[in-house]
Amino acid sequence: MTTTVSFTRAVKAFGAVRAVDGVDLEIRRGESVALLGRNGAGKSTAISLLLGLNEPDDGEVRLFGGTPHTAVRAGRVGAMLQDGRPIPRVTVRELITFVARTYPSPLPVAEALELAGLTEVAGRRADRLSGGQAQRVRFAVALAGNPELIVLDEPTAALDVEARRAFWDSMRAYAARGNTVLFSTHYLEEADENADRIVVIDRGRVVADDSGERIKRAVGGNLVSFDLAGTPTEGLRQLPGVVSVEVRGDRALLRSADSDATVLALADRGMVRGLTVTAASLEDAFLSLTAQSSSEDAAPAPAADTTVENTTALAEEKV
Amino acid sequence: MLLAYVSLEIRRTLRDAGFVIFGVGMPVMMYLLFTNLGVSGSEEDKAASLAAMIGMAAYGALGSAVSTGSSVAEDKGLGWLRQLRITPMSPLLVVTGRCISGSVTVLPAILAVLLAGGLVNGVELEPWQWAAVGGLLWIGTAPFTLLGLGNGYRLSGQTTGVVNMACNLGLSVVGGLWIPSAVFPGWLRAVSEWTPSHRFGQLGWSIADGAAPRAGTVAVLAAWTALFGAYAVYAYRRSARTP
């Protein structure tokens, strides 16, 4: 399989902030990859490097074996940027027709409109559409040129559930034609449902790069927390279902793949004090993932105001 | 590719009600008001009407040229300039396309005022003079298009609108396009001589006198074109640098 995207130790800093801090990443042709990270994690900067909108300060970014500029000029890339809004005083069809004409071998305009679900509003002004429809226009702009690689920066931000699902249906239809898709998101579920592979970015670094299935397992399903009241924490990691253990003050936080089993085991030991079970949030997921990467690289833990006692389970799963 | 972009931009401009009302309608209306209120029909008035026609056509063209920059600023605010940078169009092609579409959208103002002069006010010129006035006023908008583009690339959307409006009115008034600079106080007349807008008007006024534009006029306009061109390039580079 040929390499479509490759980052080699790419670095991009804005002043003192290293927005992209040594990213290595390879995407092969035909893959659907999600770039998962919190706001400010470096996703958009990585995408702007990929599209040649910014130059890396160090390292290298290649598209189809050449520079991003060459690939963009050759019409091999289409993109939907964050914060873009349709321009006023043109119809949807006029806008998509124009974009298609700038590419060497575009999709037929009717087909691009169909794929993006815009056929009914093709004659309307692009700036007089609902939020969901405007988002579809931006998607149609990205795919109008029939590019081999399509890049979507947080494509479903500000969409309601219905519009979100419709959007992903369109996106998967485009990917199914053998195109390479890279999209960024801060929803783990969205990444898991729509990508073959998830690359987790935090503080400008890749902290995990795996299938959605493995990432979810590594993150752990639920968070079980309870008051320690001075009891020792040894042995907690051996409890059934427990993936990792953190101690915050006098409270233990167990990430568990099977919270029922974990709670039963805690009850057996008489440790149920102020116990809560919550679904692991993305925030928690990043804590565990960043802890995982730091244990592997022996680098200092990035977000460490908490103590992570055991990450071996995670590390094993990664291998 | 270039054609597609130029035609898209021209359509967008001509559909802008603000552009049509203020860029085309206003100069025509002002021209007809200035030349038909308290006018006796003497030879002197005829000459004034001719001068006013050219002044107002120049004012309309200048306004339309500068407003190209305002729509660039609007596009920048919408993220459209960034989107264009990831289409196969090169930045040079984008800027060239904008200049071409901008130069086409100045034509309605020029033609509308000249038509009003010929048909409503009965201004009489030789056919070559009509063609030369229209043609020179068209070519002469180049420095103002560049000035507007420079502002558009450098400033935010709202600021550009205000700055371009100020440039438009300031240059038109001081350049003597509204009121002939002959009635200005001496010092203002001296300043006016050096403005691009005054020299722009002179392109047309000298043709109306039956003479070619003077070398001084062409030289001053060329110098302003070079200056505003450098400003536009500088502004474009700066706008491309910021994330």
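Predicted model: local features only at pLDDT ≥ 70, side-chain atom pairs only at ≥ 80, totals over all residues.

Student: Why are H3(A) and H1(B) called roughly antiparallel?

Tutor: Helix H3 (residues 92-101) of chain A and helix H1 (residues 2-14) of chain B pack at an angle of about 160°, their axes being 9 Å apart. Angles over 145 degrees count as roughly antiparallel, so that's the label for this pair. As for handedness, H3(A) passes H1(B) in a left-handed crossing.

Student: Which residues meet there?

Tutor: From H3(A) you have Glu94(A), Phe98(A) and Arg101(A), and they meet Leu3(B), Ala4(B), Tyr5(B), Leu8(B) and Arg11(B) of H1(B). Sorted by class, that contact has five nonpolar and three charged residues, with no polar ones.

Student: What makes the pair Glu94(A) and Arg15(B) a salt bridge?

Tutor: Their closest N and O atoms are 2.7 Å apart. The cut-off is within 4 Å, for a side-chain nitrogen of Lys or Arg and a carboxyl oxygen of Asp or Glu, so Glu94(A) and Arg15(B) qualify. Between chain B and chain A the count is four salt bridges.

Student: How much area is buried between chain B and chain A?

Tutor: About 2600 Å², and carbon and sulfur atoms give 60% of that. On chain B's side, Leu78(B), Ile86(B) and Pro88(B) supply 27% of the area it buries against chain A, more than any other three residues. The contact as a whole takes 31 residues from chain A and 26 residues from chain B.

Technical notes
Residues numbered from 1 in each chain as written. Chains lettered and ligands numbered in written order. Heavy atoms only, no water. Axes fitted to C-alpha atoms, helices over the stretch in contact; angles between N-to-C directions. Helix = DSSP H or I, 4+ residues; strand = E, 2+ residues; numbered from the N terminus. Parallel < 35°, antiparallel > 145°, perpendicular 65-115°, else oblique. Left-handed = near helix turned anticlockwise from the far one by under 90°. Contact = heavy atoms within 4.5 Å. Nonpolar A, V, L, I, M, F, W, Y, C, P; charged D, E, K, R; others polar. Buried area = accessible area lost by both parts, 1.4 Å probe.
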